[in-house]
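Me: I'm new to reading protein models. Can we walk through this one together?

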Amino acid sequence: MATRRGGKAYYMISAVAQKYSIHPQTLRLYEREGLLKPSRTEGNTRLYSEEDLEQLETILSLTRDLGVNLAGVEIILNMRRKMEQMQGEVNQFMEYVKHELARGLGDWEQRLSTALVKSSPAELVRASQPVIDAEPVSKEKRADVEVK
């Protein structure tokens, strides 16, 4: 039986147990172990959200299909949570870098538009390379320079 709260569907423990062919005590155990955190009604009835059901499916897959014990399930779920958090941080950093690069390109365009000599940084680097004197230096001149 699904209950609606705030536009989301919630399921009672009996409906979840029946849907996944598990005993309600198993769901209570998963909650005691901290693997599931269903919300509660004012009458203290457990209500499982779609996110809770996804978590339950992961738990059941790990225990039934892969033979992982509950301690291992807890470790795996914590690692997944940390990886998702880290991925979010990486994505946030990438957005920051993109923003800074875009801002930096805008600064260069402004600098170039107001510059006295309009050239790209690459052209300035090529132009500033030293010119090599083509005249060979004799051994006597080298020795003379080294002594001084």
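Predicted model: local features only at pLDDT ≥ 70, side-chain atom pairs only at ≥ 80, totals over all residues.

Me: Okay, so what percentage of the chain's residues count as buried?

Reply: A residue is called buried when its relative accessible area is under 20%. The chain has 148 residues, and the share of them that counts as buried is 20%.

Me: Which elements do the buried residues of H1 pack against?

Reply: Helix H1 covers residues 13–20, and its buried residues are Ile13, Ala15, Val16, Ala17 and Tyr20. Just past H1, by the way, Ser21 has a positive phi of about 55°. As for the packing partners of those buried H1 residues, they are strand E2 (8–12), helix H2 (24–32), strand E4 (46–48) and helix H3 (50–65).

Me: Is Glu54 buried or exposed?

Reply: Glu54 sits in helix H3. On the surface, it belongs to a patch of negative charge together with Glu50, Glu51 and Glu57. The cut-off for exposed is over 50% relative accessible area. Glu54 has 52% relative accessibility, so it counts as exposed.

Me: Last one: what share of the contacts between residues at least 6 apart in sequence join residues at least 24 apart?

Reply: Contact here means heavy atoms within 4.5 Å. Taking the chain's contacts between residues at least 6 apart, the share that joins residues at least 24 apart is 49%.

Conventions. Residues numbered from 1 in each chain as written. Heavy atoms only, no water. Buried < 20%, exposed > 50% of the residue type's maximum accessible area, 1.4 Å probe, protein only. Helix = DSSP H or I, 4+ residues; strand = E, 2+ residues; numbered from the N terminus. Patch = residues over 30% accessible without salt bridge, like charges linked within 9 Å, V, L, I, M, F, W, Y side chains within 5 Å. Areas by Shrake-Rupley, 256 points an atom, 1.4 Å probe, with all protein chains shown as cover. Salt bridge = Lys/Arg side-chain N within 4 Å of Asp/Glu carboxyl O. Lys, Arg positive; Asp, Glu negative; His and termini not counted. Charge placed at Lys NZ, Arg CZ, Asp CG, Glu CD.
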